[in-house]
Amino acid sequence: TENSYVIALAANALYLANDKTEARKLMDSLAAKQKANGSVGGIKSSIVGSGGESLDIEGTSLATLAWLR
């Protein structure tokens, strides 16, 4: 998928499933999409239907949680 929200969810899930190698690959792909303002690009939709700035915050938060692991 090209949706960074889904990639961030998958990175967190893989890490928790102890597949840290694959999780790291996804985390690196998210880092490559980080914008100058700190948000992650490519966030297209979320599971709760957020939009606009709220969607950016939600998706970037998921990516940040993965990076903190």
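Visitor: Where does Thr1 lie?

Guide: Thr1 sits in the segment before H1. First, the ground rules. This is a predicted model, in which local features need pLDDT of at least 70 and side-chain atom pairs count only at pLDDT 80 or more, while totals for chains, interfaces and linings use all residues. Residues are numbered from 1 along each chain as its sequence is written, and side-chain values use heavy atoms, with hydrogens and water left out. Helices are DSSP runs of H or I with at least four residues, numbered from the N terminus.

Back to Thr1. Its relative accessibility is 68%, so Thr1 counts as exposed. The scale is relative accessible area with a 1.4 Å probe and protein chains only: buried is under 20%, exposed is over 50%, and partly exposed is in between. The side chain of Thr1 reaches the backbone nitrogen of Asn3 at 3.1 Å. Such a polar contact is a pair of N or O atoms within 3.5 Å; within protein, one must be able to donate a hydrogen and the other to accept it, and residues adjacent in sequence count only if both atoms are side-chain atoms. Leaving out residues up to four places away in sequence, Thr1 touches Val6 and Ile7. Contact here means heavy atoms within 4.5 Å. Tyr15 is 14 residues from Thr1 in sequence and 18 Å from it in space, C-alpha to C-alpha.

Next, H1 itself. H1 covers residues 4–16. Two packed helices are described by the angle between their axes and the distance between the axes. The axes are lines fitted to C-alpha atoms, for helices over the stretch in contact, and the angles run from 0 to 180 degrees between N-to-C directions.

H1 packs on H2 at an angle of about 155 degrees, with the axes 8 Å apart. The pair is therefore roughly antiparallel. On this scale, under 35 degrees is roughly parallel, over 145 roughly antiparallel, 65 to 115 roughly perpendicular, and the rest oblique. The crossing of H1 and H2 is left-handed. That term applies if the near helix is turned anticlockwise from the far one by less than a right angle; clockwise makes a crossing right-handed. H1 brings Ser4, Ile7, Ala8, Ala10, Ala11, Leu14 and Tyr15 to the contact, and H2 brings Lys20, Glu22, Ala23, Leu26, Met27, Ser29 and Leu30. By class, these are 10 nonpolar, 2 polar and 2 charged residues. Ala, Val, Leu, Ile, Met, Phe, Trp, Tyr, Cys and Pro count as nonpolar; Asp, Glu, Lys and Arg count as charged; the others, Gly among them, count as polar.

The loop between H1 and H2 holds Asn18. The phi of Asn18 is near 70 degrees, a positive value in a residue other than glycine. At 59% relative accessibility, Asn18 counts as exposed.

H1 also meets H3. Their axes come within 8 Å and cross at roughly 25 degrees. H1 and H3 are therefore roughly parallel. H1 passes H3 in a left-handed crossing. Tyr5, Ala8, Leu9, Ala11 and Asn12 make the contact from H1; Glu58, Gly59, Leu62, Ala63, Leu65 and Ala66 make it from H3. The classes are 8 nonpolar, 2 polar and 1 charged.

Ser46 touches Tyr5 and Glu58 as well as Leu55, not counting residues up to four places away in sequence. Ser46 lies in the loop between H2 (20–32) and H3. Its relative accessibility is 15%, so Ser46 counts as buried.

Last, H2 against H3. The axes come within 10 Å and cross at roughly 130 degrees. That makes H2 oblique to H3. Again the crossing is left-handed. Met27, Leu30 and Ala31 of H2 meet Ala63, Ala66 and Trp67 of H3. This contact has 6 nonpolar, no polar and no charged residues.

Trp67 belongs to H3 (residues 52–68). At 26% relative accessibility, Trp67 counts as partly exposed. Beyond four places in sequence, Trp67 touches Met27, Leu30, Ala31, Gln34 and Val40. A polar atom of the Trp67 side chain lies 3.1 Å from the backbone oxygen of Met27. Leu30 is 37 residues from Trp67 in sequence, yet 9.2 Å from it in space, C-alpha to C-alpha.

Definitions and conventions
Helices (H or I, at least four residues) and strands (E, at least two) are DSSP runs, numbered from the N terminus.
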